[in-house]
Amino acid sequence: MKRLAAFCLAAALPLAAARADEGMWTFDNFPSAKVAKKYGFNPDPKWLSEAQLSSVRLAGGCSGSFVSPEGLVMTNHHCAHSCIEQLSTKEKDFVKEGFYAATPDQEVKCPEIELNQLVSIADVTKRMMAATQGLEGQKFGEAQRAEMAKIEKECAADDDKVRCDVVTLYHGGIYDLYKYKRFQDVRLVFAPEFAIAFFGGDPDNFNFPRYDLDVSFIRAYENGKPARTDHYFKWSATGAKEGELTFISGHPGGTDRELTLAQLKYERDVALPEALFSLAEYRGALTMYTRLGSEQYRTAEAELFGIENSYKAFKGRYEALVTDTLWNEKAQREQKLRAAVKKNAALQKEYGAAWDTVAKAVEDFKPRHKEYQYIEGVRADRPPTGFRSRYFTFAKTLVRAAVELGKPNEKRLREFRDSNLPAVKQSLFSAAPIYDELESFRLTYSLIKLREELGADHPFVKKVLGKKSPEELAKELIAGTKLKDVELRRKLWDGGKAAVDASGDAFVQLAKLAEPEARAVRRWHDEVIEPPEKKGAEQIAKVKFRIEGTSNYPDATFTLRLSYGSVEGYEEKGHRVNPITVMGGAFERATGREPFALPQSWTVANQDKRINLGTPFNMATSNDIIGGNSGSPVFNKDLQVVGLVFDGNIQSLGGEYGFDPAVNRAVSVCTPALLESLDRIYGAKRIVAELKGGASQAGGK
């Protein structure tokens with residue numbers, strides 16, 4: 001229930017193996033034989049290991065890849081957008097103007113980016129199952145969380161450079177331990193202007209043909225020097241041709257392809273409509289704020305981009321769920337599996353009640369789902385919907401850590417387990433700028449929504465607002481905080497409960513005021529709702545394995561996956577969509593007005609005839625992807641990168657719930673366009689030489 005305040009446990013899909021090029025496969029269960037049968041290439045363990053170690057995760061929600069032995073990472077502009085914005089000032093706007101470190105010493109540290117390189121996968125299913133054997137309800141949840149914390153702590157061994165996560169696959173059918181190498185010193189190397197990184201803006205978003213240079217290069221550092229990365233993707237200067245086999249490794253954030261009908265009904269009828277309405281309202285308010293002036297636009301533009309992107313993505317999911325074809329397919333598959341279970345007395349006795357258990361959890365969640373969302377928040381790393389403020393996020397972290405860190409590791413809330421503390425501290429001690437005018441707007445808006453959604457007579461609303469208006473309270477809070485000071489936040493963290501209790505900071509006081517109700521609704525969710533939900537999911541996964549084993553792929557979990565496909569067009573509204581565009585198309589599409597205005601660097605380069613307008617620019621492939629794959633490398637059988645994923649087409653938005661090989665497409669920047677732009681438009685010779693495998697361009701070791 002962490003996304004859309006909806007449930008993310010699964011029902012098995014009976015006797016259903018992945019079709020065509022469908023699937024976001026784990027590296028230890030990749031269907032190499034299927035690839036060999038269709039494309040004549042059989043990825044062996046050595047090949048898979050190299051692809052795995054060359055891939056990285058941006059912990060904030062994206063993917064990337066090592067593209068040189070000197071720690072150079074390629075990802076999307078929109079994945080590094082927060083860093084680019086945080087490094088910008090009123091006088092120097094790198095989002096608008098672009099950024100290029102012409103020399104190694106000009107590479108600048110990103111305040112909040114963490115990179116994770118997956119180094120090993122271990123099956124810990126037996127240990128997890130043993131820890132919860134025979135337990136129900138609250139005891140099941142407590143035992144499961146405690147065992148996860150123990151396993152992760154043993155794995156990381158208190159090394160901040162190691163990250164270990166117990167990953168739930170097949171919604172509880174398998175538990176794997178993913179061990180990562182962690183990089184928290186990550187520096188910006190290159191980013192183009194926003195105008196070309198997001199050329200076409202929201203009208204072109206999730207569409208094809210496209211003409212975007214959505215790329216940024218960052219570098220992983222260790223001990224103050226560029227990291228030595230022995231595993232990296234080599235560069236293809238020619239890219240991929242139509243029909244060519246392509247692979248995409250990345251970290252799809254989450255899919256709901258195996259939800260029960262009860263869960264899908266909740267998403268269709270409650271979660272998605274509410275999310276769309278909320279996003280639409282906030283988009284309108286934030287748009288008006290950005291029009292107050294150039295500085296308001298600069299400071300709020302990144303958030304507006306994210307809101308618009310989320311609205312379009314959720315709209316696509318909703319439209320997929322309300323189509324009879326998808327819904328009927330889901331219903332038939334669940335009915336077939338439940339019928340198969342019912343025919344077998346032993347299976348029915350052990351697993352028959354699982355779907356009803358899940359359905360009851362859904363129903364029990366509904367009456368308080370808004371309290372959970374507005375008071376506690378559906379994700380631990382983001383503020384509750386009722387308190388949109390970085391200051392509040394800091395304060396809540398400090399108030400909660402003061403209590404949680406005094407507990408044994410296995411008894412803490414998951415976000416405060418030892419294995420996650422480096423990420424918590426990186427966010428808490430971030431030097432990223434905070435803009436008080438924007439904070440005041442965001443907090444005022446969210447307090448208005450808190451009152452509106454929970455009601456003016458709700459005890460929590462009355463407790464928070466008292467006799468003040470949302471605007472008055474927001475202004476008072478921001479005037480009374482000093483949490484902008486990183487060193488103050490560090491002192492409060494280091495001082496523990498005594499320091500937090502003694503703090504008179506306005507936001508710390510607010511977080512303490514809200515904590516009893518926030519704790520209570522979190523406890524209700526974690527102890528009453530989540531355990532039966534997870535228990536039911538495990539039962540469904542077990543019966544699925546009894547029938548079909550692991551011939552299918554698990555739902556996405558923001559862990560490393562590998563998909564395969566080919567450069568392939570599709571039919572749309574009666575006409576053929578070709579899979580590759582060229583750079584010249586951007587100039588034909590340009591109008592000189594946002595969002596179709598090319599940056600000056602491009603118009604000048606074209607006037608000077610420096611660009612080969614026939615260079616392949618963007619391409620569509622039949623690989624199965626979803627949100628979180630942004631920044632993923634597209635590579636060929638020779639482990640040469642041929643593209644950079646930055647989007648999917650509009651049809652791919654239904655990929656949350658299913659994959660249609662006829663029309664679902666991943667959209668990428670072609671490597672020839674990346675080289676052409678770096679070399680001919682931006683003069684980024686240092687990066688070009690590094691990508692082509694020349695002498696080290698990253699500075700001394």
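This is a predicted model: local features need pLDDT of at least 70, side-chain atom pairs count only at pLDDT 80 or more; totals for chains, interfaces and linings use all residues.
## Disulfides

The structure holds three disulfides, and when the bonded cysteines are counted along the chain they follow the pattern 1-2, 3-4, 5-6. The table sets out the sulfur separations and the torsions about the S-S bond.

| Pair | S to S distance | S-S torsion | Handedness |
|---|---|---|---|
| Cys-62 and Cys-79 | 2.2 Å | -80 degrees | left-handed |
| Cys-83 and Cys-110 | 2.1 Å | about -75 degrees | left-handed |
| Cys-155 and Cys-164 | 2.0 Å | -65 degrees | left-handed |

For the disulfide of Cys-62 and Cys-79, whose sulfur atoms are 2.2 Å apart, the torsion of -80 degrees gives a left-handed link. Cys-62 lies in strand S2 (residues 62-66), whereas Cys-79 is in the loop between strand S3 (72-75) and helix H3 (81-87), so the pair ties together parts that are 17 residues apart in sequence. Both of these cysteines, Cys-62 and Cys-79, are buried.

The disulfide that joins Cys-83 to Cys-110 has an S to S distance of 2.1 Å, and its torsion is about -75 degrees, so this link is left-handed. Cys-83 belongs to helix H3 and Cys-110 to the loop between S5 and strand S6 (115-123), and the pair therefore ties together parts that are 27 residues apart in sequence. Cys-83 and Cys-110 are each buried.

In the disulfide of Cys-155 and Cys-164 the sulfur atoms are 2.0 Å apart, and the torsion of -65 degrees again corresponds to a left-handed link. Cys-155 counts as buried because its relative accessibility is 16%, under the 20% limit for that class, and Cys-164 counts as buried at 0% relative accessibility.

Cys-670, by contrast, is in no disulfide, and the nearest cysteine sulfur, that of Cys-79, is 18 Å away, whereas a disulfide requires sulfur atoms within 2.5 Å. Cys-670 is buried, with a relative accessible area of 2%.

## Strand S2 and its partners

Strand S2, which contains Cys-62, is largely enclosed by the rest of the structure, because five of its five residues are buried. In a regular strand the side chains alternate between the two faces of the sheet. In S2, Cys-62, Gly-64 and Phe-66 point one way while Ser-63 and Ser-65 point the other way, and all of these residues are buried.

Strand S1 (residues 55-58) runs antiparallel to S2 and is joined to it by four bridges, with Arg-57 standing opposite Ser-63 in S2. The hairpin of S1 and S2 has three residues between the strands, and Gly-61 in this hairpin takes a positive phi near 135 degrees.

S2 is also antiparallel to S3, to which two bridges join it, and here Ser-65 stands opposite Met-74 in S3. S2 and S3 form a hairpin with five residues between them, in whose turn Gly-71 has a positive phi of about 75 degrees.

## Surroundings of Val-108

Val-108 is placed in strand S5 (residues 108-109), and the loop between S5 and strand S6 holds Cys-110. Val-108 is partly exposed because its relative accessible area is 32%, and that class lies between the limits of 20% and 50%. When residues up to four places away in sequence are not counted, Val-108 touches Leu-87, Phe-99, Val-186, Arg-187 and Leu-188. Its C-alpha atom is separated by 7.4 Å from that of Val-189, although Val-108 and Val-189 are 81 residues apart along the chain.

## Nonpolar cores

The largest nonpolar core has 65 residues, and those with the most contacts inside it are Phe-217, Phe-247 and Trp-602. Helix H24 (residues 671-681) gives the most to this core, contributing five residues. Leaving aside its neighbours within four places in sequence, Trp-602 is in contact with Ile-196, Leu-213, Met-583, Phe-587, Ile-611, Phe-617, Ser-677, Ile-681 and Tyr-682. A second, separate core has 42 residues, including Tyr-374, Val-424, Val-500 and Phe-507.

Note on methods
Residues are numbered from 1 along each chain as its sequence is written. Side-chain values use heavy atoms; hydrogens and water are left out. Buried means under 20% relative accessible area, exposed over 50%, partly exposed in between (1.4 Å probe, protein chains only). Contact means heavy atoms within 4.5 Å. A nonpolar core is a set of buried Ala, Val, Leu, Ile, Met, Phe, Trp, Tyr and Cys residues joined through side-chain atoms within 4.5 Å. Two strands pair if DSSP finds at least two bridges between them.
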